[in-house]
Amino acid sequence: MCDTWRDCTDSSDNKCSRPLFPPPELACEPIQVEMCSGLSYNTTAFPNIWVGMATQEEVVEILRSYKSLTSLPCYQNFRRLLCGLLVPHCTPLGSVLPPCRSVCQDAEYQCQSGLALLGTPWPFNCNRLPEALGLEACAQP
């Protein structure tokens with residue numbers, strides 16, 4: 001599937017190149033995911049098309065599997081990316097900004113070796129995220 005997860009064993013989802021964009025004018029809601037509080041924004045909107053999740057409760061369940069990563073030296077970079085993907089920034093106009101591709105690439109560069117030691121491959125396809133070309137194209141959580 002062409003989303004931000006790398007979940008195809010044959011890497012066929014890496015061939016997806018077009019960035020995803022959410023439907024316009026979603027209703028913003030306060031961030032309720034504890035791990036994602038304290039970022040540069042405090043509102044989000046669902047459903048989240050980048051990861052196929054309908055609610056923040058689903059995000060909490062997914063994040064439980066990432067608790068072991070809090071000990072990694074790259075955790076803050078990884079947290080910014082993970083929260084930016086799972087709990088994206090909702091603007092006052094009701095649009096949702098995914099994290100910029102550079103946020104994903106920075107986290108991948110910093111975290112890949114630590115994840116490899118844990119036997120965990122890099123889970124995201126950074127090419128599916130927009131580049132920071134315009135002011136409102138993406139977020140730097």
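What percentage of the 141 residues of the chain count as buried? Then take me through helix H2.

Author: This is a predicted model. Of the chain's 141 residues, 47% count as buried. The secondary structure comes to three helices and four strands. Read from the N terminus, the order is β-β-α-α-β-β-α. Among contacts with a separation of 6 or more, 68% join residues 24 or more positions apart.

Now to the helix itself. H2 covers residues 75-86. It has twelve residues. At 1.5 Å a residue, H2 should span 16 Å, and its end C-alpha atoms are 16 Å apart, so the two values agree.

Next, burial. H2 is mostly covered, with nine of its twelve residues buried.

Take H3 as the partner. Two packed helices are described by the angle between their axes and the distance between the axes. The axes of H2 and H3 come within 9 Å. They cross at roughly 130°. The cut-offs put roughly perpendicular at 65 to 115 degrees and roughly antiparallel at over 145. H2 and H3 are therefore oblique to each other. The crossing of H2 past H3 is left-handed.

Which residues meet there? H2 contributes Asn 77, Phe 78, Arg 80 and Leu 81. H3 contributes Val 103, Cys 104, Asp 106, Ala 107, Gln 110, Cys 111 and Leu 115. By type, the residues of this contact divide into seven nonpolar, two polar and two charged. An α-helix has 3.6 residues a turn, so residues three or four places apart point the same way.

Finish at Leu 86, which is found in H2. Its relative accessibility is 0%. Buried means under 20%, so Leu 86 counts as buried. The C-alpha atoms of Leu 86 and Val 51 are separated by 6.7 Å. Along the chain, these two residues are 35 residues apart.

Pro 47 sits in the loop between strand E2 (43-44) and H1. The peptide bond from Phe 46 to Pro 47 is cis, with omega near 5°. Most peptide bonds are trans.

Technical notes: Residues numbered from 1 in each chain as written. Predicted model: local features only at pLDDT ≥ 70, side-chain atom pairs only at ≥ 80, totals over all residues. Heavy atoms only, no water. Helix = DSSP H or I, 4+ residues; strand = E, 2+ residues; numbered from the N terminus. Expected span 1.5 Å × (residues − 1). Buried < 20%, exposed > 50% of the residue type's maximum accessible area, 1.4 Å probe, protein only. Axes fitted to C-alpha atoms, helices over the stretch in contact; angles between N-to-C directions. Parallel < 35°, antiparallel > 145°, perpendicular 65-115°, else oblique. Left-handed = near helix turned anticlockwise from the far one by under 90°. Contact = heavy atoms within 4.5 Å. Nonpolar A, V, L, I, M, F, W, Y, C, P; charged D, E, K, R; others polar.
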